[in-house]
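Let's take a walk through this protein chain together. Have the sequence and the 3D view ready, and follow along as each part comes up.

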Amino acid sequence: MFTGIVEEIGTLLAREGLGEADGEATAARLRIRARTALEGVALGDSIAVNGVCLTVTGSDGEEWTTDVMAETLHRSSLGALGAGDPVNLERAVTSHTRLGGHLVQGHVDGVGTVLTRTPGEHWEVVRVGLPPELARYVVEKGSITVDGVSLTVSAVSAADDPEPWLEVSLIPTTLRDTTLGAVPPGSPVNLEVDVIAKYVERLLGARA
């Protein structure tokens, strides 16, 4: 479990394919440079990488490795990362961690696309297109996780819009301390909707 408060921007040092079927990777091993995100971390612990919960399989205190399965490569933007790319990192929460963002599982629901960036005096409004099947979980003033960053939805498209979108307003700290400060339009971003909304829908559907 995470809170969506990025602790550090790490760097993907290398990506090693671990298999291939029908022209697509079946797994990959990532090697990532980090410092803050490795403090107190042991083998088997979880670190969110751009909002994806991954397991530490090796570490020397400055670099760590993790294995990514085909399902994760297929359902997130991690499959498009290359050596040198920056990544948002967050360690899993502990029982005495402040919940500064919202409840984040690190389970990506879909991949969105940055549509526009509109600078303001003290913030920047970013519009993100999202898969239609996720639109019903996104509400104005609700929570959304974009590439591992906990954000408040500032605007949403109309309910009947065939190409739904959401907007978030990024403050200077978010622009400076996460990768969202430099993500250009057209870029894919990992999205995780509020898990509470998904559980409510499931429970109400079962009752009906």
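Two strands are said to pair if DSSP finds at least two bridges between them. Strands (E, at least two residues) and helices (H or I, at least four) are DSSP runs, numbered from the N terminus. What you see is a predicted model, in which local features need pLDDT of at least 70 and side-chain atom pairs count only at pLDDT 80 or more, while totals for chains, interfaces and linings use all residues. Residues are numbered from 1 along each chain as its sequence is written, and side-chain values use heavy atoms, with hydrogens and water left out.

With that in hand, look at strand E3 (residues 46-49). E3 pairs with strand E7 (residues 86-91) in the antiparallel sense, over three bridges. Here Val49 has Leu89 of E7 as its bridge partner. E3 also pairs with strand E4 (residues 52-55), again antiparallel, over four bridges, and in E4 it is Val52 that stands opposite Val49. What do E3 and E4 form? They make a hairpin with two residues between them, and Asn50 in the turn has a positive phi of about 50°.

Next, find Leu13 in strand E1 (residues 8-21). Leaving aside neighbours within four places in sequence, Leu13 is in contact (heavy atoms within 4.5 Å) with Arg31, Ile32, Arg33, Glu63 and Ala83. Leu13 and Glu63 are 50 residues apart in sequence, yet their C-alpha atoms are 8.6 Å apart in space.

Two of those contacts of Leu13, Arg31 and Glu63, also meet each other in a salt bridge, with N to O at 3.0 Å. A salt bridge is a side-chain nitrogen of Lys or Arg within 4 Å of a carboxyl oxygen of Asp or Glu; by this rule the count comes to ten. The pair links distant parts of the chain, since Arg31 sits in strand E2 (residues 24-33) and Glu63 in strand E6 (residues 63-69), 32 residues apart. Arg31 counts as partly exposed because its relative accessibility is 34%, and Glu63 counts as partly exposed because its value is 24%.

Glu62 forms a salt bridge with Arg35, the closest N and O atoms being 3.6 Å apart. Glu62 lies in the loop between strand E5 (58-59) and E6, and Arg35 in the loop between E2 and E3, so this pair ties together parts 27 residues apart in sequence. At 56% relative accessibility Arg35 counts as exposed, whereas Glu62, at 43%, counts as partly exposed. Glu124 and Arg117 also meet in a salt bridge (2.7 Å, N to O), and both of these residues are buried.

Now turn to the interior. A nonpolar core is a set of buried Ala, Val, Leu, Ile, Met, Phe, Trp, Tyr and Cys residues joined through side-chain atoms within 4.5 Å. The largest one has 21 residues, of which Ile144, Leu151 and Leu166 touch the most other members. Strands E9 (124-129), E10 (143-146), E11 (149-156), E12 (165-170) and E13 (188-193) each supply at least two residues of this core. Apart from it lies another core, of 20 residues, including Leu38, Val52, Trp64 and Leu73.

Methods
Buried means under 20% relative accessible area, exposed over 50%, partly exposed in between (1.4 Å probe, protein chains only).
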